[in-house]
There are 2 protein chains.
Amino acid sequence: MGVRKPGVRIPVPSLRRLPIYHRRLREAVESGIGFVSSAELGEAAGVSEAQVRKDLSYLVYDGRSGVGYDAKGLASYLENYLGLINDKEAVLVGAGNLGRALALYPGFGRYGLRIIAIFDNDPAKIGQVVGEQEILPVSKLPSLVQRLHIQMGIITVPAVAAQEVADAMVTGGITVIWNFSPCTLHVPDNVWVQNEDLAAQLATLSHQITQQKLSNLTRTAETREDSLTLHPR
Amino acid sequence: MGVRKPGVRIPVPSLRRLPIYHRRLREAVESGIGFVSSAELGEAAGVSEAQVRKDLSYLVYDGRSGVGYDAKGLASYLENYLGLINDKEAVLVGAGNLGRALALYPGFGRYGLRIIAIFDNDPAKIGQVVGEQEILPVSKLPSLVQRLHIQMGIITVPAVAAQEVADAMVTGGITVIWNFSPCTLHVPDNVWVQNEDLAAQLATLSHQITQQKLSNLTRTAETREDSLTLHPR
DNA sequence: TAGATTGTTAATCGATTAACAATC
DNA sequence: TAGATTGTTAATCGATTAACAATC
């Protein structure tokens, strides 16, 4: 339809919604549905239809007025735009429960993630096999990363060890780090860190539970009927 | 110092930074440091010192001009505010690799999370023990949740099964759901869902890697020296 | 055509930043 | 006191929402 201004970059909140839209579109394709409206995409992502159209306006892919978005076409476009069709080679450091779970997570492979090596410093773990990978000592990380031009590192070690792991990754040339350790990493400007701090997330859930309890107490004291409406037995 | 307006609720972005500040304060306490400045807290969270002071202005806890924030005092305040000191009982459904890893994650217990039951529908898993919990069939979930007044549910099942698990949780009276399945859940208004969609997060990392590659190609074509600066060998 | 839904614009909303008087 | 750092205000920035002409 209209003309896209070339200088405008997609906002991060919009970017984060694209995978949700993509999933909804794939579901439509699998159900044999040809077109999906912005309202339907918004429903999947929990945002308004206006928001969806705004998000998609940052892409160079148009919907069809009066019809919606071509499910197959936009899904493919998003796979390209998000790089899901490219193979992304990664190393994972920290072969604890979480690290093993991520290494074996089936959803990642479908998005092009290839974990090509797993590292740990626990002598008891080195040599063990997770999936198709043998666990290697962290000392071998920088050279391997450098030699194979690995772009991505996943950190699932305890917080105290995370910074030195990040340093080793940066030394090897890694520029994207997915950090599951509950800590702040210090890296050069050209390295992109995404934190997946589950303990911090839990803290916000914890706050939510605490608030709910408080408001329930208040409500019970004020009007017993409202309280019963919210907590049907 | 000043007067807090009572009607102002803390914005979600601010709320999500509080656990990071809390962690930084705990580190200070462990190092025997009495006060931490907004600049130091901001450094830990990757935000400006002005942002930190703004975030903390939503709390009813004051720093000391010219000195900073009392590490022990503010840490305790945040533990209360975030509800970290309260025990929060939860059930977890989906005893796959990720579910087991979360059930055994040591960081959660320190924040007051008690996973008091684990469910799965795979007959091969039912009866197995994870940590201190025996895996139970999902059919037993609603009554157990109701009887013990559990507030929180953690979902780590495949996407196709997630909605029915959420329904069972809601039936039992759960009002906070932590959803690790890559799907959108439909729940009543009084239920609070936090999505931890790792596949969607991976998609944004994937986009980042793709963009870096593109800009490196461009930069290499334009000025070879810049490219070398960004990729020291 | 009539109905539906798009892409875009302008208005609104909310979060971040900058600046500084207050104060420890 | 002098120096440092706070809490708050106002200015800025950016994202979301509402409205509607364009159009399939």
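1. A:His22 lies in helix H1 (residues 12-30) of chain A, where helices are DSSP runs of H or I with at least four residues, strands are runs of E with at least two, and both are numbered from the N terminus. At 3% relative accessibility A:His22 counts as buried, a word that means under 20% relative accessible area, with exposed meaning over 50% and partly exposed in between (1.4 Å probe, protein chains only). Leaving aside neighbours within four places in sequence, A:His22 is in contact (heavy atoms within 4.5 Å) with A:Ala75, A:Leu78, A:Glu79, A:Leu84 and A:Tyr111.

2. On conventions, this is a predicted model, in which local features need pLDDT of at least 70 and side-chain atom pairs count only at pLDDT 80 or more, while totals for chains, interfaces and linings use all residues. Residues are numbered from 1 along each chain as its sequence is written, chains are lettered from A and ligands numbered from 1 in the order in which they are written, and side-chain values use heavy atoms, with hydrogens and water left out.

3. In helix H7 (residues 141-148) of chain A, the residues A:Leu141, A:Leu144 and A:Val145 are buried. They cover an arc of only 100 degrees around the axis, so they sit on the same side of H7(A); the arc is that of the directions from the helix axis to the C-beta atoms. An α-helix has 3.6 residues a turn, so residues three or four places apart point the same way. The buried residues of H7(A) pack against strand E3 (88-93), strand E4 (113-119), strand E6 (133-136) and helix H8 (159-172) of chain A. After H7(A) comes A:His149, with a positive phi near 55 degrees.

4. In strand E7 (residues 152-155) of chain B, B:Met152 and B:Ile154 point one way and B:Gly153 and B:Ile155 the other way, and all are buried. Strand E3 (residues 88-93) of chain B runs parallel to E7(B) and is joined to it by four bridges, pairing being assigned if DSSP finds at least two bridges between two strands; B:Gly153 is the bridge partner of B:Val91. Four bridges also join E7(B) to strand E8 (residues 176-179) of chain B, again in parallel, and B:Ile155 stands opposite B:Asn179 in E8(B). The chain crosses from E7(B) through helix H8 (residues 159-172) of chain B to E8(B) in a right-handed β-α-β crossover, that is, with the strands pointing away from the viewer, the path from the first strand over the helix to the second runs clockwise.

5. How many residues does the contact take from each chain? Chain B gives 60 residues and chain A gives 61 residues. The area buried between the two chains is about 5,800 Å², of which carbon and sulfur atoms give 62%; buried area is the accessible area (1.4 Å probe) that two parts lose on being put together, summed over both.

6. The count between chain B and chain A is two salt bridges, each defined by a side-chain nitrogen of Lys or Arg within 4 Å of a carboxyl oxygen of Asp or Glu. The side chains of A:Asp197 and B:Arg23 form a salt bridge at 2.5 Å, N to O, and those of A:Arg23 and B:Asp197 meet at 2.5 Å, N to O. A:Arg23 lies in helix H1 of chain A and B:Asp197 in the loop between strand E9 (192-195) and helix H9 (198-222) of chain B, so the pair joins two chains. Both A:Arg23 and B:Asp197 are buried.
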